[in-house]
Amino acid sequence: MCPSEIKLACLQNEGGYDSPDLNDKLYLHFRAFRKIENLTPYKNLKALWLDSNSISKIEGLETCQQLRCLFLSKNVLSGLSSLKQLTKLDVSYNRIAFISGLSECTALQNLNISHNAIRCAESLEHLTLCEKLQTIDAINNSIEDSDDVIEVFAKISNLVSLSVTGNKCTQLPSFRKRMIANVRRLSYLDRPVEELERVGAVAFVAGGAREETKARDAYK
């Protein structure tokens, strides 16, 4: 990932500039890079695409203090690290088995961890420390069918959108209803959550199918 390659990438993309500090977007995907480096002059970057390389570690971004969106899908990452200004992070299609290091990403709102190797509730527990996190895409991991998983997601205070298809946890009895009842701000769980469904789910968890029917009828 040499300086001349990075500069060439800037000039090859529409809106790119020869002077590094004028670039707020940088497209460096599909280049077989193994390491993030030589980005010190790109101090005004707000979005960086590094998809489909061979990067194993998030590093070399210390001077990119304005970076908001980072795309690292289809690399060989096994872990994460903190970038304080990030609002969106895509690390899908990697080898991540345990979430850590994101609690210092105090602005993080949108996280894509789909197609990784996450298996248990403990591996997700760290996300409860991400106070502004609103959207999580965790499809096609191996998240276990344990009630602990529901408890972890319920602790993510601002969670409004969650995608978890392709995980064992969706096979838990009444998983969807229990998730909707426990994560009160959730408006999307693999598909939109309508208010009538929410009313029914809360009643079902509290008193079973009969209470759900009564609550739905009352709402209508």
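A charge is said to sit over a ring if NZ of Lys or CZ of Arg is within 6 Å of the ring centre and within 35 degrees of the ring normal. With that in mind, select Lys177 and Phe204: Lys177 lies over the face of Phe204, at 4.4 Å from the ring centre. Then select Lys74 and Tyr93, where the charged end of Lys74 sits over the ring of Tyr93, 5.0 Å from its centre.

This is a predicted model, in which local features need pLDDT of at least 70 and side-chain atom pairs count only at pLDDT 80 or more, while totals for chains, interfaces and linings use all residues. Residues are numbered from 1 along each chain as its sequence is written, and side-chain values use heavy atoms, with hydrogens and water left out.

Next, select Tyr27, Trp49 and Phe71, which form one aromatic cluster. Rings of Phe, Tyr and Trp (its six-membered ring) pair if their centres lie within 6.5 Å, and planes under 30 degrees apart count as stacked, over 60 as edge-to-face and the rest as tilted. A search of the whole structure finds two such aromatic pairs. In one of them, Tyr27 and Trp49 are stacked, at 4.5 Å centre to centre with 20 degrees between the planes; Tyr27 belongs to strand β1 (residues 25-27) and Trp49 to strand β2 (residues 47-49), 22 residues apart. The rings of Trp49 and Phe71 have their centres 4.9 Å apart and their planes at 10 degrees, so this pair is stacked. Phe71, at 12% relative accessibility, counts as buried, and Tyr27, at 24%, counts as partly exposed (buried means under 20% relative accessible area, exposed over 50%, partly exposed in between, with a 1.4 Å probe and protein chains only).

Now move to Leu39, Leu70 and Leu127, the residues with the most contacts inside the largest nonpolar core, which has 60 residues. Such a core is a set of buried Ala, Val, Leu, Ile, Met, Phe, Trp, Tyr and Cys residues joined through side-chain atoms within 4.5 Å. Around Leu127, display the residues that it touches (heavy atoms within 4.5 Å), including Ile99, Leu102 and Ile156.

With a disulfide taken as a pair of cysteine sulfur atoms within 2.5 Å, the count comes to zero disulfides. For Cys130, the nearest cysteine sulfur, that of Cys105, is 6.9 Å away, and Cys130 counts as buried at 4% relative accessibility. For Cys169, the nearest cysteine sulfur is that of Cys120, 12 Å away, and Cys169 counts as buried at 0% relative accessibility.

Conventions
Helices (H or I, at least four residues) and strands (E, at least two) are DSSP runs, numbered from the N terminus. Lists of a residue's contacts leave out its neighbours within four places in sequence.
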